[in-house]
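Welcome! Take a moment to turn the model around before you read on.

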Amino acid sequence: MSYSIPRRPRRNRQSAAIRALAQETTLSVNDLIYPMFIVEGSGVRSEVKSMPGIYRHSLDTLLEELKEVTDLGIKCIDLFPNYPEDKKDKYATESYREGTLYLDALKTIKDKFPDLALMTDVAMDPYSSDGHDGLVENGKILNDETLDILAKMAVAQARAGADILGPSDMMDGRVGFIREALDAEGFTDVSIMSYSVKYASAFYGPFRDALDSAPRFGDKKTYQMNPANVREALIEAELDYQEGADFLMVKPALAYLDVIKTLNQNFDLPIAAYNVSGEYAMIKAAAQNGWLDGDRAMLETLMSIRRAGAKIILTYFAKEFALLQA
Ligand code: PBG
C-alpha cells in the first residue's frame with residue numbers, strides 16, 4: 001500500500017474545535033421567531049394536545065412567559081389569537097374592532113416589552129365563521145373584497161403596536177394593498193413579512209387545533225399553493241417584492257427546502273421559513289416515544305432550514321433551542 005491520499009477531508013472533523021472552525025452554517029437565537037397563542041380569560045395555560053410544550057395563554061400568563069422568553073434572548077414573537085365561536089363572523093369584524101383580546105394584548109405586550117419585535121398574523125381565519133383566510137360568498141373565496149378587510153386588520157394591528165405584519169392569507173395583491181393602507185395612516189415604519197410562498201399543506205393540522213380554525217368546508221387550495229410547484233414560487237415572491245415586502249417567507253419549511261434555496265438565490269431580501277406545527281409535532285411525538293433524540297433532531301432540523309438559505313426561522317422550538325444554549 002504505497003498510495004498516499006492527497007486530500008483528507010476527515011482532518012477538518014478531527015476535534016470539536018476544528019469542526020467548529022470548519023462549520024459553514026450557524027444558528028443563533030437571533031435567527032428565530034417564536035409563535036405563541038393567546039386565548040381569553042385569566043390564569044389560562046392550556047397545552048395544545050398535538051403540540052406538546054406549546055400552550056394557549058391568557059394575557060396574564062403570556063406576560064409571565066414573555067419574561068422568560070425575552071430573558072432567554074428571543075427577540076421576536078409571532079402572536080396568534082384563539083377566539084370562541086361566538087366572536088367569529090363572516091366578515092371577521094373582530095379582527096379590527098377596537099378593544100379586542102388580540103389588539104389589547106398587543107398594546108400591553110408592546111408597553112411591557114418595548115424591545116421585543118412583535119409580529120402579527122394578517123388573515124381572516126381565526127375570526128371567520130367559515131374558517132377561511134378570505135371572505136366566502138357562495139362557497140367561493142373572494143379576492144378583492146378580502147383585501148379591504150385585511151387592510152383594516154393590518155392598520156388596527158399597527159396601531160396596537162405591531163412591528164412586523166405577516167399576511168398569511170395568499171390573496172392576490174394583498175402586500176401592496178396593505179402597504180398602501182399602512183402608509184396612508186402614517187405607519188411607514190411597520191414591516192411586512194409576507195407569507196409569499198405558502199403551500200396548501202397537511203402540516204398545518206396541529207395549528208388549526210390550537211386555534212380551532214379549521215375551514216368549515218372545503219380546503220384552501222384555491223389560494224394556498226400546490227405543493228408540486230416551484231416555478232410559481234418565483235412569481236409569488238416577485239410580486240411581493242414589487243409590492244414592497246420587507247421579508248419573504250416560505251411555508252412549510254422541511255418539505256420545501258428546495259423552495260427556500262430557490263428564493264434565497266433569486267432575491268436579496270432576507271428569506272424566512274416557517275417550521276410549522278406539524279413539523280414540530282412529528283419530532284415531539286417521536287421523541288416522546290423514545291424513537292429519536294428530540295434535541296438532536298431539533299438542532300439538525302433547524303440547521304437544515306438555515307443551510308437551505310433561510311436567514312429567519314419561525315419555530316415552536318425557539319424557546320427550547322434558547323434553553324439548550326443557555
Ligand atoms: C392562518 C395561518 C396558518 C398558519 C399560520 N397562519 C394556518 C393555515 O393557513 O391554515 C399555520 C402555522 C402552523 O401550522 O404552524 N392564516
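In which loop is the place of Ala92? Ala92 sits in the loop between β4 (76-82) and α3 (101-112). What you see is a predicted model, in which local features need pLDDT of at least 70 and side-chain atom pairs count only at pLDDT 80 or more, while totals for chains, interfaces and linings use all residues. Residues are numbered from 1 along each chain as its sequence is written, and side-chain values use heavy atoms, leaving out hydrogens and water.

**Backbone points to look for**

- Ala92 has a phi near 55°, a positive value in a residue other than glycine.
- Lys251 and Pro252 are joined by a cis peptide bond, with omega about -15°.
- Pro252 belongs to the loop between β10 (247-251) and α8.
- As background, most residues other than glycine have a negative phi, and most peptide bonds are trans.

**How the helices pack**

- Helices here are DSSP runs (H or I, at least four residues) and strands are too (E, at least two), numbered from the N terminus.
- Axes are lines fitted to C-alpha atoms, for helices over the stretch in contact, and angles run from 0 to 180 degrees between N-to-C directions.
- Angles under 35 degrees count as roughly parallel, over 145 as roughly antiparallel, 65 to 115 as roughly perpendicular and the rest as oblique.
- A crossing is right-handed if the near helix is turned clockwise from the far one by less than a right angle, and left-handed if anticlockwise.
- Contact means heavy atoms within 4.5 Å.
- For residue classes, Ala, Val, Leu, Ile, Met, Phe, Trp, Tyr, Cys and Pro count as nonpolar, Asp, Glu, Lys and Arg as charged, and the others, Gly among them, as polar.

**Helices α4 and α5**

- Helix α4 (residues 143-160) packs against helix α5 (residues 174-184) at an angle of about 45°, with axes 9 Å apart, and the two are therefore oblique to each other.
- Here α4 passes α5 in a right-handed crossing.
- Among the residues making this contact are Leu147 and Asp148 of α4 and Arg174 and Phe177 of α5.
- Sorted by class, the contact of α4 with α5 has 10 nonpolar, no polar and two charged residues.

**Helices α7 and α8**

- The axes of helix α7 (residues 231-242) and helix α8 (residues 257-266) come within 10 Å and cross at roughly 45°, so α7 and α8 are oblique to each other.
- The crossing of α7 and α8 is right-handed.
- Ala233, Leu234 and Ala237 of α7 meet Val259, Thr262, Leu263 and Asn266 of α8.
- The contact of α7 with α8 divides into five nonpolar, two polar and no charged residues.

**Helices α2 and α3**

- The axes of helix α2 (residues 59-71) and α3 come within 11 Å and cross at roughly 30°, so α2 and α3 are roughly parallel to each other.

**Around the ligand**

- The ligand is surrounded by 18 residues (each with a heavy atom within 4 Å of the ligand), and the closest are Lys198, Arg208, Lys251, Ser277 and Tyr316.
- An N or O atom in the side chain of Asp125 is 3.3 Å from a nitrogen atom of the ligand.
- For Lys220, a side-chain N or O atom is 2.7 Å from an oxygen atom of the ligand.

Technical notes:
Polar contact = N/O pair within 3.5 Å; in protein donor to acceptor, adjacent residues only side chain to side chain.
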